Amino acid sequence: MAKARALDRRRRSVRNIRKITRTMELIATARFKKAMDRSVAARDYTKQLVKILENIASTGADVVHPLLDVRPTTRTAVLVLSGNRGLCGGYNSNIVRQSVAILGQWKSERVDADVAVSGKRGISALKFRGIDIDQRFTEFEDKPSFDAVMPIGRAYLDAYAAGKIDRLDVVYTRFHSIARQEAVTEMLLPLKAPETAGTATAGAVGGAGAPTQLASQEYDFYPSAESILEEILPASFLSRLFKCFLDAAVSEQVARMVAMKAASENAAGLIKNLSRRYNRARQSQITGEIMEILGGVEALKQ
Amino acid sequence: MADATHSGTGSGAGRGDDGSGVRCVIVTPEMTSLDTRARSVTLPLFDGQRGVARGHSPFIGRLGAGEVRITGEQGGAADAVRRVFVEGGFVEVGHNAVTVITQRAIPAESIDLTQARAEFEKIRGTTATGEDAIAAKMQAEATAREVVRIAERSR
């Protein structure tokens, strides 16, 4: 009996765990949907900023700004976006691996790196690997707000302007689709202006022939294209940084959803297996008992 | 009219132009907080206010802290005014559409007057040293004053 009972007890505990993982899966799904909606809603802002940048670039104004200057890197900053909680598959460990790689690279090049980490998981994992963390954030959950991200971004902008850092890399999980997220290291400072550069060359090529149909040539600028550029570049940096936070939040929920779904399915498999073994053990025990009784009866007959 | 010449390029408004008024969109980093049609829109540019009605020539401008006034919103009274406080940012006007791009947009009626006053007094109470700090303080003070003014007016 002992074996059957032990199996039953194990089956019961696996069932309870399945209940927990299933609930976590549902919660992660709900949070993912909300986070996704926020991320989609945030796209308009970036789109509009890019549109204005394109307009400015196509007026032929020189796109020159301190934030666009590439300087030799002597001091750099790395911002790592991880989760506050575990149970989300490889989400945190991928981030940690990625950040250890880039920090190792800076170390081998003898470049001082200012390390900022968001998320308890990342903080403890990097501390365990003996990395000094200069700044920690634990307030970002599944709904990062722009107001919370802005001070961090402003601090980086100021540090960059003051020459305290020459580069900013953000390690986060980029969200491609529900099926694909990857941990990436993205350079946010100095700002790349791929959109402006792209349209500027396109405008130049087209402009060689007939005057092109660029909508921007109709625009007046108040006070001037340069002054707007000066304001818009920091804004576009902040919105890109914010997008990193949003992506990280969405990816974390997806990772948790997938991990918990796998855990629930695995639990279901375990339960099935355990049930089979339990039934077999019980049956063989019953058979054994019947044999004993029969043996007793035979003995009494004689 | 201006829109006759622009209709060909028509990239400004994603939604169809119904032939009256202007479309007003306010986007913040978190979401599109307002998308409506109205008779006219008054914008707080960096150096003063500017009104935009149908057929306004296209421009891109820098905004200061202040209120966007949307008059004669579709589906409302002809002289109804909706006020939204915006804290800096940009505006793009073209194709009978006004797009306000700002870091913060708060509907005037949801500003808490006492809180705004307290905030203003707090900023006034601080002392700033150094050129940058003084400039930052001046700007914060001006912004806070604007918030208080808007809150008072919309009561």
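Which residue stands opposite B:G61 in β4(B)? The close-up views below, taken from a predicted model, start there.

**View 1. Strands of chains A and B pair with each other.** A:Y222 is the residue opposite B:G61 in β4(B). The strands involved are β6 of chain A, residues 220-222, and β4(B). They run in the parallel sense. Three bridges link them.

**View 2. Chain A meets chain B.** Chain A brings 25 residues to the contact, and chain B brings 21 residues. On the chain B side, β2, β4, β5 and β6 (97-101) each supply at least two residues. β4(B) gives the most, with four residues. Sorted by class, this side of chain B holds 10 nonpolar, eight polar and three charged residues.

**View 3. A hairpin in chain B links β2(B) and β3(B).** Strand β2 of chain B covers residues 32-45, and strand β3 of chain B covers residues 48-53. The strands are antiparallel, with six bridges joining them. One pair to look for is B:V41 and its bridge partner in β3(B), B:V52.

**View 4. Two domains of chain B touch.** The domain assignment places residues 2-108 of chain B in domain 1 and residues 111-153 in domain 2. Eight residues of domain 1 are in contact with seven residues of domain 2. On the domain 1 side, β4 (59-73) and β5 (81-94) of chain B are the elements that give two or more residues. That side has four nonpolar, one polar and three charged residues.

Notes
Residues numbered from 1 in each chain as written. Chains lettered and ligands numbered in written order. Predicted model: local features only at pLDDT ≥ 70, side-chain atom pairs only at ≥ 80, totals over all residues. Domains from an automatic or database assignment. Nonpolar A, V, L, I, M, F, W, Y, C, P; charged D, E, K, R; others polar. Pairing = 2+ DSSP bridges.
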